[in-house]
Amino acid sequence: MNYNGGNTTGFASPAGDNLEGRIDLAAMLDLSRPSRYPVRVAGDALASRGIFAGDILIADAASPPAHGKVAVVMLNGAVLVGQLAYRQQQWWLASGHPDTAPVAVTGDNAEIWAVVTGLIRTRV
């Protein structure tokens, strides 16, 4: 049910002029694109970036990788989410933990699947 302020008795509230319509997250995040999909975060490796366990990331497989972006990467059979870095003419994936060394994204067992373009937090 939507509230539009029109079903009240008395005079209409001046705040009614500022009511926003229905928010369509699928449209806002452009989830109709075949290259975009949601990914739920497990773990706290990116807490320093404000990404927490249970958050939903919007991943776009058509977005090109870029230095500093968060990405979904397949590495040796594991699906990982981390921050991309480009140095020494190759891609590296870093977690948010300072004691964990970045991992090179190279070889036949490594692929950058998608770049994260949005975040949905379902718990506050």
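1. A polar contact (a pair of N or O atoms within 3.5 Å; within protein, one must be able to donate a hydrogen and the other to accept it, and residues adjacent in sequence count only if both atoms are side-chain atoms) of 3.0 Å links the side chains of Arg-36 and Asp-60. The model is predicted: local features need pLDDT of at least 70, side-chain atom pairs count only at pLDDT 80 or more, and totals for chains, interfaces and linings use all residues. Residues are numbered from 1 along each chain as its sequence is written, and side-chain values use heavy atoms, with hydrogens and water left out.

2. Arg-36 belongs to strand β1, residues 36–40; strands (E, at least two residues) and helices (H or I, at least four) are DSSP runs, numbered from the N terminus. Is Arg-36 buried or exposed? Arg-36 has a relative accessible area of 18% and is therefore buried, where buried means under 20%, exposed over 50%, and partly exposed in between (1.4 Å probe, protein chains only). Neighbours within four places in sequence aside, Arg-36 is in contact (heavy atoms within 4.5 Å) with Leu-29, Asp-30, Leu-31, Ile-58, Ala-59, Asp-60 and Thr-117.

3. On the surface, Ile-23, Leu-25 and Met-28 form a nonpolar patch with about 310 Å² of accessible area together. Patches are made of residues with over 30% relative accessible area and no salt bridge, like charges being joined within 9 Å and nonpolar side chains (Val, Leu, Ile, Met, Phe, Trp, Tyr) within 5 Å; a salt bridge is a side-chain nitrogen of Lys or Arg within 4 Å of a carboxyl oxygen of Asp or Glu. Met-28 lies in helix α1, residues 25–28, and is exposed because its relative accessible area is 57%.

4. The chain contains one helix and seven strands, in the order α-β-β-β-β-β-β-β from the N terminus. Of its 124 residues, 26% count as buried.

Definitions and conventions:
Accessible areas come from the Shrake-Rupley method with a 1.4 Å probe; for residues, only the protein chains shown count as cover.
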